[in-house]
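These are my notebook entries on what I looked up in one structure.

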Amino acid sequence: MDDKYMSKLSPTADFWAGIYLVIIAILSIFGNAAVLVSAARRIALLKAPELLTVNLAVTDIGMALSMYPLSISSAFNHAWIGGDTSCLYYGLMGMIFSVTSIMTLAVMGMVRYLVTGSPPKTGLRFQRRTIIMVISGIWLYASLWALFPLLGWGSYGPEPFGLACSIDWTGYGESLNHATFIMTLSILCTFLPCLAIVFTYFGIAWKLHRAYQSIQSNDFQYGNIEKKITLMAVMISSGFLVAWTPYVSVSFWSMFHSEEQGHMTPFITLLPCLFAKSSTVYNPVIYFIFQRTSRHELRRLQRLMFCCSHPVDSAAEVERPGDQMGKGSDCTIYGNGTDETCVGLMGAPCNQSGSQVMTLG
């Protein structure tokens with residue numbers, strides 16, 4: 001086997017790296033699968049911007065299924081499995097999913113900025129067709145960048161520790177071909193998306209600050225929902241940037257100091273790579289914390305269905321006339337003559353089947 005594919009770590013380090021990746025893979029697959037199942041169960045209720053969160057879950061679970069088994073088996077094997085062919089495949093998949101993730105986060109920030117109004121309810125509204133077209137464009141953009149090394153611009157190669165493959169960062173100083181590819185990739189697929197994420201969320205924070213200053217009492221529920229959804233998007237984006245910053249920093253250091261790379265121990269290069277892989281785990285956790293209609297969805301849907309299916313029984317339990325909360329219920333029954341409306345946990349009206357309408361600006 002080529003020496004570049006032999007692990008530069010100790011067998012013990014490889015073993016524990018493999019165990020860590022197994023845990024990350026399991027959590028990522030089950031967590032993101034739960035997000036996708038939840039989205040599929042209420043596909044008709046998904047609002048357009050929420051499709052970006054679904055797309056992020058697709059990239060995370062895709063990375064876990066297509067890449068982690070190979071890196072896990074290589075860690076336990078104490079050497080990369082498959083040689084040049086599998087290295088090329090691993091680098092290709094890594095490029096597609098990582099570029100798709102960061103571009104999705106950048107678009108998510110821009111959409112949230114346009115959707116967030118000041119005052120509330122004045123922001124833009126996107127159609128599903130528009131968001132689907134944007135998502136398709138993101139995947140085509142990422143696929144194009146992944147194919148460039150196969151077409152001769154840049155290349156893929158093993159990581160310094162020998163148990164993963166990515167862009168050959170050390171080739172930056174070896175040829176103009178590698179240098180132009182890495183710099184263009186860094187600007188268009190790293191720095192600009194990161195700037196878009198940072199500036200759009202600063203803009204959102206300013207919009208919300210202005211909105212809350214002029215908000216009316218009857219807009220309180222809307223403003224609260226807007227704040228939670230934006231905070232969810234901020235945490236997902238921040239988590240991604242935090243997870244990948246150490247890896248990008250080490251990669252850029254090796255790019256500009258390729259002749260000094262031997263002074264950096266393989267274990268130091270391994271840690272940022274392992275930390276970056278954690279980004280596929282916490283996104284579904286954040287999603288379920290903030291999207292309460294997705295968290296324990298079956299139980300709440302049953303309660304909402306009961307509430308909306310039995311308005312007379314629910315109304316009989318109301319302690320006071322008018323707009324009041326029924327005892328033992330997750331719904332509020334608003335009396336308006338002969339008609340009654342069931343309002344769900346986040347203030348969104350129930351549809352005819354009793355499901356809560358998702359409010360995601």
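**Entry 1: a serine in a helix.** I started with S186, which I found in helix α6, the stretch of residues 176-214. I kept in mind that the model is a predicted one. Is S186 buried or exposed? With a relative accessible area of 1%, S186 is buried, because the cut-off for that word is under 20%. I then asked which residues S186 touches once its neighbours within four places in sequence are left aside. The contacts of S186 are W169, F191 and F252. For F252 I also looked up the spacing, and the C-alpha atoms of S186 and F252 lie 9.5 Å apart, although 66 residues separate the two in sequence.

**Entry 2: a valine in another helix.** Next I turned to V250, which belongs to helix α7, residues 220-256. V250 has a relative accessible area of 18% and is buried. From V250 to L270 I count 20 residues along the chain, and their C-alpha atoms are separated by 9.9 Å.

**Entry 3: the cysteines.** How many disulfides does the count come to? The count comes to one disulfide, and it joins C87 to C165 with an S to S distance of 2.1 Å. C87 lies in helix α4 (residues 83-115) while C165 lies in strand β2 (residues 165-167), so the pair ties together parts that are 78 residues apart in sequence. The angle about the S-S bond is -120°, and the link of C87 and C165 is left-handed. I noted that C87 and C165 are both buried. I looked up two further cysteines as well: C189 is buried, with a relative accessible area of 5%, whereas C194, at 21% relative accessibility, counts as partly exposed.

Entry 4: Most residues other than glycine have a negative phi. With this in mind I wrote down H78, which is not a glycine and yet has a positive phi of about 65°. Where does H78 lie? H78 sits in the loop between α3 (68-77) and α4. At 25% relative accessibility, H78 counts as partly exposed.

**Entry 5: α2 beside α4.** I then looked at how helix α2 (residues 50-66) is placed against some of the other helices. The axes of α2 and α4 come within 9 Å and cross at roughly 165°. Since angles over 145 degrees count this way, α2 is therefore roughly antiparallel to α4. The crossing of α2 and α4 is left-handed. The contact includes L52, L56 and M63 of α2 and, from α4, residues including Y89, F97 and V111. By class, the contact of α2 with α4 has ten nonpolar, nine polar and one charged residues.

**Entry 6: α2 beside α5.** For α2 and helix α5 (residues 128-147), I found axes that come within 10 Å and cross at roughly 30°. That angle makes α2 roughly parallel to α5. The crossing in which α2 passes α5 is right-handed. On the α2 side I listed L51, L52, N55, V58 and T59, and these meet R128, I131, I132, I135 and W139 in α5. The residues of this contact of α2 with α5 divide into seven nonpolar, two polar and one charged.

**Entry 7: α2 beside α1.** Helix α1 covers residues 11-41, and its axis comes within 9 Å of the α2 axis, with a crossing of roughly 145°. α1 passes α2 in a left-handed crossing. Among the residues that meet here are A25, I29 and L36 in α1, and V54, I61 and L65 in α2. The contact of α1 with α2 has, by class, twelve nonpolar, two polar and one charged residues.

**Entry 8: the whole chain.** Last, I stepped back to the protein chain, whose secondary structure comes to eleven helices and five strands. How many of the 361 residues count as buried? The share is 50%. Finally, I looked at the contacts with a separation of 6 or more, and residues 24 or more positions apart account for 73% of them.

Note on methods:
Residues are numbered from 1 along each chain as its sequence is written. This is a predicted model: local features need pLDDT of at least 70, side-chain atom pairs count only at pLDDT 80 or more; totals for chains, interfaces and linings use all residues. Side-chain values use heavy atoms; hydrogens and water are left out. Axes are lines fitted to C-alpha atoms, for helices over the stretch in contact, and angles run from 0 to 180 degrees between N-to-C directions. Helices (H or I, at least four residues) and strands (E, at least two) are DSSP runs, numbered from the N terminus. Angles under 35 degrees count as roughly parallel, over 145 as roughly antiparallel, 65 to 115 as roughly perpendicular and the rest as oblique. A crossing is left-handed if the near helix is turned anticlockwise from the far one by less than a right angle, and right-handed if clockwise. Contact means heavy atoms within 4.5 Å. Ala, Val, Leu, Ile, Met, Phe, Trp, Tyr, Cys and Pro count as nonpolar, Asp, Glu, Lys and Arg as charged, and the others, Gly among them, as polar. A disulfide is a pair of cysteine sulfur atoms within 2.5 Å. Buried means under 20% relative accessible area, exposed over 50%, partly exposed in between (1.4 Å probe, protein chains only).
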